[in-house]
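Biologist: Please take me through one part of this structure, slowly and closely. I am new to it.

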Amino acid sequence: MGRYRNLVVVAGARPNYMKVAPLLRELHKHPDFFHTRFIHTGQHYDAGMSDVFFQDLEIPLPDQFLGVGSGSHAEQTAKVLVAFEQVCLKEQPDLVVVVGDVNSTMACAITSKKLCIPVAHVEAGLRSGDWTMPEEINRVVTDAISDLLFTPSRDGDQNLLREGIPAERIHFVGNVMIDCLLEQLPKIETRDTLKQFGLEADRYATLTLHRPSNVDVPSVFTGIIQVMLELSKLLPIIWPVHPRSRKMMEQLGLMHQIEGSQGLRLTDPVGYLDMLALNRRARFILTDSGGLQEEATVLGVPCITLRENTERPVTIEAGGNRLVGNHPDSIRSAALSFLSANNHAIRIPEFWDGKAAERIVAILMRFES
Ligand code: UD1
């Protein structure tokens, strides 16, 4: 029996950074209790997909960068397994903390557990029920082998209990990503992001797309782009393009269709603060991201989710998120209805209050292994 003091915290890809930022900040408040090492697997590596988030969120530089890079699921996962095993053998942590649902999350959880090192999963219990999503596999596997499961919403607890996870391992702590948002929000007051992009508050929409189900199937991706071109005649749409989507657009020869458009404005991926500034003043957000559905909810901005399902049903119950799938007709009709309505009553889910990391660290401090 003992306390968890010697920690390794892992991040791998863009949606992980806003989850580890508040956690590391909170852990570093207790240097006498925790010895924390921070590892970046390098699943994402471009400056725009990684470095800018470290600067915006003031995340300390990783103690080790594993540089695994891109590849097929098998290649990427395998590279993390091999590289992270060396980290564990060298550091001998008594707890590995993983966040989210990317390939690095699952790979680091497996590596640790096979070395008999306990694992804590932050953002545990989310389920879309969609087994074609690589993230769903990552979530289920990670949760099945984690010793401490920190859930962002109560549906997460229910999902885990249903899968047979013992209740004493499950801790409902709230949403660390919202800790990050609430902490960073004051910084955007003085930012001129809208001016830079030539946009006026409330008179544009933001778009993000990167799910394989939307961008890897040519007929689907082409249909989405057509409806965006159409909608952008009614209100400008700013679209920071994910590398996966850009690659597909180039392969499919779609770039030339967009280049002539005044309304559909493409840009490279933007950092956390610019994205927050863009989302905060958008009329609505069009996205297939999980995190953006949560951020939209807390910002009180309507969200049109281009998916058939969500692992974040709490954002729908809160009133601001609508699942529309990826058919152009349903995207168009949701956008038109949000354009004609002005008042959107959106509730903030329980414990999305900026204190999730604090709750996690309090639990870690009193936990006896
Ligand atoms: C990954 C996550 C997904 C998350 C998303 C956020 C998995 C299974 N997927 O998807 O859950 O929502 O990140 O962005 O873990 N690329 C670059 N530069 C980079 C990173 C990627 O150019 O810094 C390109 C590469 O061509 C790569 C492609 O983007 O092949 C896809 O990257 P990958 O990490 O495999 O998956 P994402 O689609 O980013």
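How do the residues of the lining of the largest cavity divide into nonpolar, polar and charged?

Modeller: This is a predicted model, where local features need pLDDT of at least 70, side-chain atom pairs count only at pLDDT 80 or more, and totals for chains, interfaces and linings use all residues. Residues are numbered from 1 along each chain as its sequence is written, and side-chain values use heavy atoms, leaving out hydrogens and water.

The lining divides into 6 nonpolar, 2 polar and 1 charged. Here Ala, Val, Leu, Ile, Met, Phe, Trp, Tyr, Cys and Pro count as nonpolar, Asp, Glu, Lys and Arg as charged, and the others, Gly among them, as polar. The lining residues are Val122, Glu123, Phe150, Pro152, Val173, Gly174, Asn175, Val176 and Ile360. Each has an atom within 4 Å of a cavity point, on a 1 Å grid over the protein atoms alone, where a 1.4 Å probe fits but cannot get out.

The whole structure has 1 cavity of 30 Å³ or more.

Now the strands. Phe150 stands opposite His171 in strand 7. Strand 6 (residues 148–151) pairs with strand 7 in the parallel sense, over 3 bridges. Pairing takes at least two DSSP bridges. Strands (E, at least two residues) and helices (H or I, at least four) are DSSP runs, numbered from the N terminus.

Both strands belong to an open, parallel sheet of 7 strands, ordered 3-2-1-4-5-6-7. Its edge strands are strand 3 (64–65) and strand 7 (170–172), each pairing on one side only.

How values were computed:
On a 1 Å grid over the protein atoms alone, a cavity is a set of points where a 1.4 Å probe fits but cannot get out, and a pocket is an open set with protein on both sides within 12 Å along at least five of seven lines; lining residues have an atom within 4 Å of a point. Grid points are joined across faces, edges and corners, and a volume is the space filled by probe spheres set on the points.
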